[in-house]
Amino acid sequence: SSGINAEWPLRPGEKGILTTEKQNFVVFDMTTHPLLDQCQKQGVIKKIQDTLLSRWINDPQRMDKRALALVYLAQASEVLEHAFSSLSDEDYDLAMKRVRELLDLDPDMEAVKDGADEVLWAVVASFFK
């Protein structure tokens, strides 16, 4: 026996993180996966906000890679508006300005810089090119 649970890997919904529900968007139905745990959800929102505001580093090569990936994922999933809904107008504008700065980066150029995470930038390129 390898010691690995035969049922691994579990889907996120089976781990109590996400649920699955159908959303009706007038023209089509779409399956969504909202977070079940509101504490986890607030933690993700705070991480995104902190990454773009209080912990902002104006150099993506020095940013926490997971936090950077989370910002790009949130943008690609079109949920940043929700993540920023609790911000003041000033913080909202600053966070959006920084998101635009990240989106304006050329992933191909970022991937060849010293210390770059080539996989991260390849994924960013696939979403935003």
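**Aromatic pairs and salt bridges in a predicted model**

Let me begin with the rings: there are 4 aromatic pairs in this structure, where rings of Phe, Tyr and Trp (its six-membered ring) pair if their centres lie within 6.5 Å, and where planes under 30 degrees apart count as stacked, over 60 as edge-to-face and the rest as tilted. One of these pairs is formed by Tyr 72 and Phe 128, a tilted pair at 5.7 Å centre to centre with 50° between the planes. Because Tyr 72 lies in helix 2 (residues 65-76) and Phe 128 in helix 6, this pair ties together parts that are 56 residues apart in sequence. By helices I mean DSSP runs of H or I with at least four residues, and by strands runs of E with at least two, both numbered from the N terminus.

Residues are numbered from 1 along each chain as its sequence is written, and side-chain values use heavy atoms, with hydrogens and water left out.

Are the two partners buried or exposed? Tyr 72 counts as buried at 5% relative accessibility, whereas Phe 128, at 30%, counts as partly exposed; here buried means under 20% relative accessible area, exposed over 50%, and partly exposed in between, with a 1.4 Å probe and protein chains only. Phe 128 also forms a tilted pair with Phe 127, at 6.3 Å centre to centre and 45° between the planes, and Phe 127 counts as exposed at 51% relative accessibility. Ring pairs link Tyr 72, Trp 121, Phe 127 and Phe 128 into a cluster.

Val 123 is found in helix 6 (residues 118-128) and is partly exposed, at 40%.

Let me turn to charges. Side chains of opposite charge can pair when their charged atoms come close. The structure holds 4 salt bridges, each being a side-chain nitrogen of Lys or Arg within 4 Å of a carboxyl oxygen of Asp or Glu. Lys 46 and Asp 50 meet in one of them at 2.9 Å, N to O, and both lie in helix 1 (residues 38-52), 4 residues apart, which is about one turn of the helix. Another joins Asp 64 and Lys 47 at 3.9 Å, and since Asp 64 lies in the loop between helix 1 and helix 2 and Lys 47 in helix 1, the pair ties together parts that are 17 residues apart in sequence. In a further bridge, the closest N and O atoms of Lys 113 and Glu 110 are 3.0 Å apart; Glu 110 is buried, at 4%, and Lys 113 is partly exposed, at 43%.

Finally, the whole protein: there are 6 helices and 2 strands, following the pattern β-β-α-α-α-α-α-α along the sequence, and of its 129 residues, 26% count as buried.

Methods. Predicted model: local features only at pLDDT ≥ 70, side-chain atom pairs only at ≥ 80, totals over all residues.
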